[in-house]
Amino acid sequence: MSLNPEVIRKDFPIFETQAHGKRLVYLDSAATSQKPRQVVDRIVHFYETENANVHRGVYELGEKATAAYEEARRACARFIGAKSTRSIVFTRGTTEAINLVRFSWGRANVGEGDEILLTEMEHHSNLIPWQLLAQEKGATLRHLPIDDEGKLRVDLLGDYITDKTKLVGMNLMSNVLGTINPVRQVADAAHSAGAVILVDAAQAAPHLSFDVNELDADFLGYSAHKMCGPTGAGVLYGRENLLDEMPPFHGGGEMIREVWADRATWNEIPYKFEAGTPNIAQAVGMGAAVKYLEALGMEEVRKHEMELTGYAIERIASTGATIYGPKDVSERGGVVSFNLDEVHPHDMATIVDQEGVCIRAGHHCAQPLMRRLDVPATARASFYIYNTQEDVDVLIDALEKSKGWFA
Amino acid sequence: MVRVSLEELYKEVILDHYRAPRNKGRVDPHDVALERNNPLCGDEIELFLKFDGGNVEGIGFEGKGCSISQASASMMTEKVKGMDAKEAAALAETIKAMMAGQTEGDPDELEDLVSLKGVVKYPVRIKCALLGWNTLLEALEDGART
């Protein structure tokens with residue numbers, strides 16, 4: 001059965017609210033998604049009936065909390081096709097997942113003269129950690145270029161992946177261009193050169209069905225809050241053999257096996273990387289978000305978004321706007337960045353807000369990409385399971401109104 | 001929540017300065033050139049100042065950005081041109097206080113600049129309105145040192 005956004009909207013209490021007295025048209029899910037009642041209720045249920053610290057209490061309540069937390073880990077593993085929960089580390093989100101790899105794997109494996117390959121379309125969260133590591137270690141950052149349609153120049157991989165490349169970091173789906181990237185092709189090239197590949201799946205996980213084994217990813221991060229889950233929860237997937245060999249990230253409780261006054265030994269993975277009391281309720285909420293999406297079916301989610309994105313691109317283009325990224329919806333997700341000549345994105349966002357429409361305006365945490373596109377900023381509308389063609393129509397009317405102000 | 005109308009933000013005088021910015025362009029020769037941006041939204045201003053004794057003899061700007069940032073900079077250059085540098089700095093502080101809701105501002109003194117008051121009701125846009133003024137304050141300090 002195909003996905004019906006009008007029915008799905010009823011799961012999301014936020015759509016009972018209004019914006020400036022009008023129907024809330026939320027087109028900023030690439031920043032953070034709205035939350036269904038099922039996820040909110042699950043978090044409330046945890047706090048009301050299962051709350052205790054995890055992996056500590058011998059009492060029944062502690063076992064309940066641990067069971068809920070570990071059940072969430074199983075769901076998060078299943079969602080990305082990971083074979084073992086040992087490879088699933090709970091983090092605060094994708095940014096922390098990437099920084100974990102930087103501090104732990106990166107410091108141990110990247111040295112002077114080594115290269116880290118990124119792409120021209122990385123979010124700052126998959127750029128700054130590597131800039132910092134490169135500065136610390138005397139390594140070199142390189143950036144695989146994009147073409148004018150916003151697609152990766154994979155034809156240049158042979159020049160950009162060398163015997164000095166230690167790590168390749170790339171997103172599976174761009175938060176600005178919507179481009180769905182050929183991760184497997186890059187992974188194969190990276191592995192042939194003896195490098196590892198880290199995949200930023202923050203944008204992809206909410207919208208695409210994928211499998212870490214098919215991608216052949218060594219590391220992959222994704223966040224709960226962009227996929228119907230709460231803020232403060234995310235996952236780092238890592239190959240078990242890599243995680244086993246890596247030194248700890250944060251030190252503290254939970255991540256140790258045995259402690260002396262001057263030294264310690266480490267817990268097994270994934271707990272070695274989960275120092276301190278984790279964001280338990282958020283992780284449980286992330287598990288509930290996974291189950292919510294699984295019940296809808298990720299193939300259906302993708303189908304709905306392809307249809308809606310196709311409609312949106314056609315209608316936004318009809319206003320005379322420049323649209324960035326691939327035009328073919330089979331090559332992109334539901335993130336549409338655009339500019340109108342007459343209206344600066346910032347003014348546009350303020351004006352369409354008066355019509356109840358939430359869009360993003362700015363550099364989308366991708367300043368180098370903005371320079372590559374030669375624009376100071378763009379407007380961005382992004383779509384999810386609860387968006388309808390009516391939402392797009394309201395956006396288009398609001399865009400026309402914004403043009404009126406500067407005519 | 002109080003409904004705020006767009007007319008309060010996009011006053012005709014602001015739209016006019018956005019469409020036809022005054023003192024747009026470099027001032028050469030200049031004593032100070034200073035480029036600043038709002039990192040979150042990408043608004044950019046490059047401000048040029050030429051002093052004659054303690055007076056701002058010449059002022060011009062280059063920039064890209066939203067209507068509020070560019071119109072505010074344009075109105076600023078029109079007002080500040082020929083002003084004593086210390087008075088210009090005091091004016092910038094007045095505008096900042098007005099944006100912080102700390103003063104109503106004297107319409108006789110501020111003239112067109114009063115139109116910026118509508119921005120106060122749009123808190124996320126205040127930094128747009130202040131980009132030029134913050135750049136001016138820094139540029140005046142640079143000028144006082146040289």
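Start with strand 17 of chain A: in this predicted model, five of its five residues are buried, so the strand is largely enclosed by the rest of the structure. Burial here takes 20 or more other C-beta atoms within 10 Å of a residue's own.

What does strand 17 of chain A pair with? On one side there is strand 14 of chain A, joined to strand 17 in the antiparallel sense over four bridges. If you want a landmark for that pairing, A:Val336 stands opposite A:Ala381 in strand 17. Then there is strand 16 of chain A, which is also antiparallel to strand 17 (residues 378-382), over three bridges.

Now zoom out to the whole sheet. It's an open one of four strands in chain A, with the order 13-14-17-16 and antiparallel pairing. Strand 13 (322-323) and strand 16 are the edge strands, each pairing on one side only. Helix 11 (residues 298-318) of chain A packs on this sheet and touches strand 13, strand 14 (335-339) and strand 17. The direction of helix 11 makes about 5 degrees with that of strand 14.

Stay in chain A for a helix pair. The axes of helix 12 (residues 345-353) and helix 14 (residues 389-405) of chain A come within 9 Å and cross at roughly 120 degrees, which means helix 12 is oblique to helix 14. The crossing of these two helices is right-handed. Which residues meet there? Helix 12 of chain A brings A:Asp347, A:Met348, A:Ile351 and A:Val352, and these meet A:Leu395, A:Ala398, A:Leu399, A:Lys401, A:Ser402 and A:Trp405 in helix 14 of chain A. Sorted by class, that contact has seven nonpolar, one polar and two charged residues.

Next, some backbone details. Most residues other than glycine have a negative phi, and most peptide bonds are trans. With that in mind, go to A:Cys365, a residue other than glycine whose phi is positive, near 55 degrees. A:Cys365 lies in the loop between strand 16 (360-362) and helix 13 (367-373) of chain A. Is A:Cys365 buried or partly exposed? There are 17 other C-beta atoms within 10 Å, so A:Cys365 is partly exposed.

Chain B has a case of its own: B:Glu111 isn't a glycine, yet its phi is positive at about 50 degrees. You'll find B:Glu111 in the loop between helix 5 (107-110) and helix 6 (126-145) of chain B. B:Glu111 counts as partly exposed because it has 13 C-beta neighbours inside 10 Å.

The cis peptide bonds come next. In chain A, the bond from A:Ile269 to A:Pro270 is cis, with omega near 0 degrees, and A:Pro270 lies in the loop between strand 12 (264-266) and helix 10 (280-296). In chain B, the bond from B:Asp28 to B:Pro29 is cis, with omega near -5 degrees. B:Pro29 is found in the loop between helix 2 (12-19) and strand 1 (32-37) of chain B.

Finally, see where the chains meet. Contacts link 15 residues of chain B with 14 residues of chain A. The side of chain B that touches chain A has eight nonpolar, three polar and four charged residues.

How values were computed
Residues are numbered from 1 along each chain as its sequence is written. Chains are lettered from A and ligands numbered from 1 in the order in which they are written. This is a predicted model: local features need pLDDT of at least 70, side-chain atom pairs count only at pLDDT 80 or more; totals for chains, interfaces and linings use all residues. Two residues are in contact if their C-beta atoms, placed from the backbone, lie within 7 Å. Ala, Val, Leu, Ile, Met, Phe, Trp, Tyr, Cys and Pro count as nonpolar, Asp, Glu, Lys and Arg as charged, and the others, Gly among them, as polar. A residue is buried if 20 or more other C-beta atoms lie within 10 Å of its own, exposed if 12 or fewer, and partly exposed in between; C-beta atoms are placed from the backbone. Axes are lines fitted to C-alpha atoms, for helices over the stretch in contact, and angles run from 0 to 180 degrees between N-to-C directions. Angles under 35 degrees count as roughly parallel, over 145 as roughly antiparallel, 65 to 115 as roughly perpendicular and the rest as oblique. A crossing is left-handed if the near helix is turned anticlockwise from the far one by less than a right angle, and right-handed if clockwise. Two strands pair if DSSP finds at least two bridges between them.
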